[in-house]
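Please walk through the salt bridges of this structure. The sequence and model come next.

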Amino acid sequence: MSARIGRAIIVWWHDTDRWLVRGIFFTGFWAYVCFSIRPRLIYDAFGIYLPYPEFSVDRACFREAFSRAAGPLEYASAFLSQWFFVSPVGALIVTGAAGLICFGTERLIREREETRWWLPCLLPALAVLIVYQTYHHPLTALLALAICLWLAVGYKTLARRIRVHGVLAAWQPIAFLVMCVSLYYLAGTVCLLFGLLVGTWHVCVERRVVAGAGAIMASALVPWLVGTKWFYMTPVEAYCVAWPFGPGSASDLETGPLNVLRGLFPFPLGMLLVAALCRGLPRRLQDRVAGLSRRGGRALRVTAQLLLLAAAVAAVHQFLRAPHREKRFEMVHFTLQRQWDQVLLVARQLPPSRHDCFSRHLVNRALYHTGRLGEKMFSFSQDQAGLLLLSDDARHGAPKFWMLSEIAWELGDLNFAEQRAFERIEAVGECPSALELLAKSFLAKSRTQARSTAPKTGASAFETVRTTSPGRGTDDTSASSREAARVLLNRMAKNVIHGRRAEELLGLLDASDAADVPWLQDVDRVGALRCKDDRVFQDYSEELMLAGLLRANPRNQMAFEYLMAFYLLSRRTDKVVENLHRLNDFGYRGIPRHYEEAILIHANETSQPVPLHGRQIRPATVQACQRFLDRVRPWQDQPQLIMGELADEFGDSYFYYYAFGISGTGGSR
Amino acid sequence: MNAKNSSADHVAFRSAKGRLFAERKATKPACLLVLGAVGLAAATAWWCLPGRPSAAILDAAQPTARRPRIHPDYDGLVVPPNLAPLNFRIEEPGGLFFIRIRSRRGPPVEILSRSGDVEIPLDRWRRLLAENRGAELSIDVYARPREGSWRRYESVTNEIAQEQIDPYIAYRVLRPDAVYYRSIGIYQRHLESYECSAVLHGRWFGEGCLNCHAFPNADPSHLSLHVRGRYGEAAVLVEGDGAYTAAGRLGYAAWHPSGKLVVFSRFEIQLYYHTARGHTRGATDSDSMLTYYRLDRRTLKTAPPIADKARLETHPTWSPDGRYLYFASAPKPWADGQSFPAEHYAQVRYDLKRVRYDIEKDHWGPVETVLSASRTGRSNVSPRISPDGRFVLFCTCDYGEFPVYQPDSDLYLLNLKSGKYWKLECNSPCADSWHCWSSNGRWIVFSSKRPTGVFTRLYLCHVDKDGRTSKPFLLPQRDPGCDDDLLSVYNLPEFITGPVRVSPAALLQAVRDTERVQVDGITGATAKLPFPEPWRLAPQ
């Protein structure tokens with residue numbers, strides 16, 4: 001009795017050790033994810049750089065999720081993903097997933113009162129950290145693994161109880177099959193791993209080879225039987241459901257994090273095998289190894305364990321980051337927050353070679369909103385595709401849909417914004433931002449239509465539109481557009497995070513006066529910029545878009561500045577000069593620096609005077625132009641040879657971009 | 001007990017047994033406590049549940065001189081006697097609502113609702129309608145504010161038709177302005193209940209596109225539809241339980257009433273966009289023609305009357321006796337059939353034409369004009385002949401052959417005998433199109449973009465023998481508000497007399513089957529009609 005009590009005390013003592021270290025580790029894990037990784041960045045990138053986790057409080061959505069393999073898990077994962085909106089909660093979810101995997105692995109391999117495996121079983125947490133640190137979001141796969149592990153633990157417990165209570169042995173395979181099929185339905189092809197774990201346990205621990213082989217074979221057949229017969233999948237598809245193996249699986253992950261995630265799945269199996277092997281070692285050797293781990297005082301042991309874990313986390317932080325991807329995520333985040341200075345600050349931290357058309361696009365947007373597009377755009381890396389993303393060089397995908405719809409809205413191209421937003425919804429999912437933008441678009445049409453049409457006495461507003469706006473051209477109605485906005489906001493109201501905002505916006509739909517309501521003011525602002533002359537097109541171009549907007553409203557400053565930026569990027573200095581007169585429309589006092597540079601280039605090339613419409617070019621710009629020409633002139637045949645030398649002084653000027661097609665390489669930032 | 005168990009396990013077993021016995025004793029009062037709590041909760045709930053107001057209270061209700069606002073608008077309709085209940089939501093203030101649905105015979109259906117959502121019991125509704133064909137159906141709505149007395153609204157009145165409606169419709173569901181083939185499916189809905197199931201979904205074959213489904217005479221045992229996606233492009237043809245595919249781009253389909261032949265349109269669609277119009281997108285055929293597929297010979301052919309190089313032919317449909325093929329046809333004002341005719345696309349106006357066909361001799365007669373665009377001043381498309389052969393239901397729009405993209409598209413009826421045509425009363429200010437007759441010719445179903453101008457919904461309405469339509473009404477749903485936030489659109493509804501017989505698995509197998517009837521290499525009007533590829537999503 002006393003020996004038993006003594007043993008229990010020792011176990012409790014060591015348990016406290018373990019729980020203390022685990023507690024500190026996972027608390028630190030949570031803090032690291034919350035404050036260093038910031039799940040809010042991941043949330044903001046949903047539907048842009050990450051797949052959008054579609055979830056709504058909706059019977060149809062629920063039914064659809066439960067009608068396919070792994071649908072329930074994806075539904076739950078999508079729900080949890082919504083809470084990444086609040087970084088501490090998102091960090092808690094990631095920590096929870098990591099914890100479930102670690103504890104599940106430990107429980108699976110632990111036999112009786114073994115405690116020696118708890119430390120290596122924390123390795124999966126580091127893998128989860130690596131994946132999230134690189135700004136990927138495989139929550140579905142992680143939860144699938146966790147469910148699989150705990151189901152295996154549950155099976156192990158159930159199998160033991162069945163035998164202890166003398167229940168018929170036949171129930172065991174039935175229980176296994178039910179669990180396996182249920183797991184496939186709930187969480188996908190991870191049932192294969194379940195079969196492997198159970199089979200290995202039977203073979204290595206229970207010494208029941210037939211049961212183990214049967215479990216492995218049965219689990220291999222379940223995806224084919226259930227997936228192809230119940231869910232209409234092809235055999236290949238049936239084996240690639242909600243886990244990172246197989247063609248097309250986890251295609252949104254980059255190679256490194258994908259490999260880490262893939263390594264996570266066989267880890268519990270590996271630990272199970274290692275544990276079984278170790279148990280096969282001679283008893284004396286096992287005791288010696290166990291004694292080694294209990295050397296030193298408790299404080300020293302705990303400290304050493306914590307230091308080891310901290311070193312591992314530090315190594316992950318130092319060597320396994322994706323700083324450029326993080327910067328892109330930050331740029332998206334600050335763009336959504338309209339913190340334009342922050343966007344530019346982060347953009348500066350990206351090396352010019354790491355910019356792509358999407359980051360350039362966000363930079364230009366931020367520059368416009370901070371009034372510096374004409375002054376500073378070439379102090380950043382630029383290319384023509386990055387301005388409006390209309391060319392094929394801008395890769396077709398979720399970032400493009402989002403950025404195109406947003407920029408079109410800001411410019412006042414309602415139809416284009418609407419088209420891109422609908423595309424985004426179809427391709428990516430019902431993102432709240434796309435729903436809201438569409439609602440604004442329809443409301444803008446509705447409000448401009450209502451203002452432009454004075455109803456006849458006794459006629460409804462709609463009938464008047466039909467009679468005074470015949471045929472092609474003005475074929476919309478105020479009321480129907482508002483109803484379309486209502487449908488979109490009703491849909492948004494089912495979003496867990498943005499539902500309340502949608503309810504507030506629904507209340508604004510029928511408001512006639514936009515005073516003191518920034519949302520409505522923005523709607524009216526864009527409505528006033530809308531194109532009035534209808535043209536049809538199949539391929540949209542920057543010039544078609546921007547010139548059309550300026551024709552509709554010559555006071556559209558954003559369209560003007562973007563048009564000038566387009567001309568600059570396409571090296572059409574003649575067009576820059578041709579449009580200088582528009583500076584008067586916007587109250588410019590001087591000429592923006594890059595326009596000055598383009599004027600000087602144009603004058604130098606054509607030797608023709610350029611009308612400045614009452615303005616002057618700054619002497620500093622003229623001197624810089626002279627210096628640049630003097631430096632480049634001797635190298636006219638091979639100007640690339642002097643490119644590097646000039647980068648530092650002229651890398652932020654239009655001169656440099658015009659000559660070499662590169663910008664943002666240096667200069668006064 | 002397993003002999004290999006250690007003594008610790010044995011102790012545990014005995015302890016468990018002892019503990020179990022103790023737990024049995026301990027659980028008995030706990031069970032009683034739980035049962036008691038449940039019973040108390042049930043009794044409280046029963047006591048709190050509102051009861052039906054007495055007749056005296058209802059009689060004393062304050063009358064309101066107007067009808068209640070209900071959504072959807074199910075007032076003043078002609079309703080099929082076999083339709084699922086018209087569940088609706090009362091949009092009036094109140095804490096409690098009492099609804100009575102009555103007719104001439106049989107007990108009324110009475111419902112109490114706190115929220116204003118009215119879910120009508122299916123069996124009682126069916127009995128009421130079945131017993132009262134041809135009679136008036138009244139819905140009395142009473143509302144009681146949280147504190148106050150009952151208020152009664154004027155009755156909502158509808159008429160129960162004598163004629164039944166076909167029990168099923170099949171339709172296509174997709175996103176507005178679908179470009180990426182995501183979430184496209186063909187569904188069938190049981191009109192006598194709310195059951196709805198997928199006939200085929202694009203998700204099952206790698207996010208493919210499905211379109212242009214058709215049945216002969218509303219017969220669900222025969223089906224054709226067009227698919228494209230990962231497994232290429234093909235027409236799926238179903239006869240009974242078997243399905244196979246014919247390779248090629250075969251569009252709008254019209255089954256000959258005999259079931260031996262299907263006419264397909266083949267076309268090159270040009271999608272384009274508007275910079276300022278209310279509706280952003282448009283579509284036009286830069287080239288099109290008709291072909292016909294013989295199921296017995298598995299051959300695809302065409303003929304000069306239906307494939308004139310100087311014209312655009314589309315939207316085929318057969319007369320009920322199978323002697324005439326009706327279609328839309330327009331002169332083609334451009335030479336190049338491959339690119340978008342930006343200057344002329346809005347000048348194309350279709351005539352309704354027909355051509356005589358002898359199926360036994362495979363002989364086509366001369367083309368006749370049924371209704372010209374010059375007569376209506378609009379483009380006349382999508383003809384559908386009534387089952388009695390008297391009327392042509394068609395759609396008109398400003399130009400072209402995609403009325404769904406034009407808000408002023410409307411449904412018209414043409415009397416084939418007198419030649420008179422008129423605009424149907426069921427039209428709305430928004431695009432109305434994609435229409436279909438029921439097999440008894442008394443009902444039509446169509447897609448309408450009312451009230452949003454963007455999201456098409458399915459509407460039903462009655463047509464009398466003179467070709468006059470009743471007020472159209474939204475397809476009833478179990479949840480009356482389910483269309484209020486639905487971002488999908490419905491199109492191409494087709495009545496069918498029963499559920500589609502072929503299973504989704506058989507259809508899917510046909511789609512995935514690489515063994516296809518080769519029919520491309522069509523002779524005649526136009527050799528190649530390439531389909532514009534949708535924008536493919538690049539991997540991120």
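**Salt bridges**

A:E410 and A:R365 form a salt bridge, with their closest N and O atoms 2.9 Å apart. A salt bridge here is a side-chain nitrogen of Lys or Arg within 4 Å of a carboxyl oxygen of Asp or Glu. A:E410 lies in helix 21 (residues 398-411) of chain A and A:R365 in helix 18 (residues 357-369) of chain A, so the pair ties together parts that are 45 residues apart in sequence. Helices are DSSP runs of H or I, at least four residues long, numbered from the N terminus.

This is a predicted model: local features need pLDDT of at least 70, side-chain atom pairs count only at pLDDT 80 or more, and totals for chains, interfaces and linings use all residues. Residues are numbered from 1 along each chain as its sequence is written, chains are lettered from A and ligands numbered from 1 in the order in which they are written, and side-chain values use heavy atoms, with hydrogens and water left out.

How accessible are the two partners? A:E410 is buried, at 6% relative accessibility. A:R365 is buried too, at 0%. Buried means under 20% relative accessible area, exposed over 50%, and partly exposed in between (1.4 Å probe, protein chains only).

A second pair joins A:R631 to A:E645, at 3.7 Å from N to O. A:R631 sits in helix 32 (residues 619-632) of chain A and A:E645 in helix 33 (residues 643-650) of chain A, so this bridge ties together parts 14 residues apart in sequence. A:R631 is partly exposed, at 30%. A:E645 is exposed, at 54%.

A:E74 bridges to A:R68, with the closest N and O atoms 2.4 Å apart.

Salt bridges also link A:E54, A:D58, A:E430, A:R491, A:K494, B:R175 and B:D485 in a network. Over all chains, a search of the whole structure finds 77 salt bridges.

Terms used:
Helix = DSSP H or I, 4+ residues; strand = E, 2+ residues; numbered from the N terminus.
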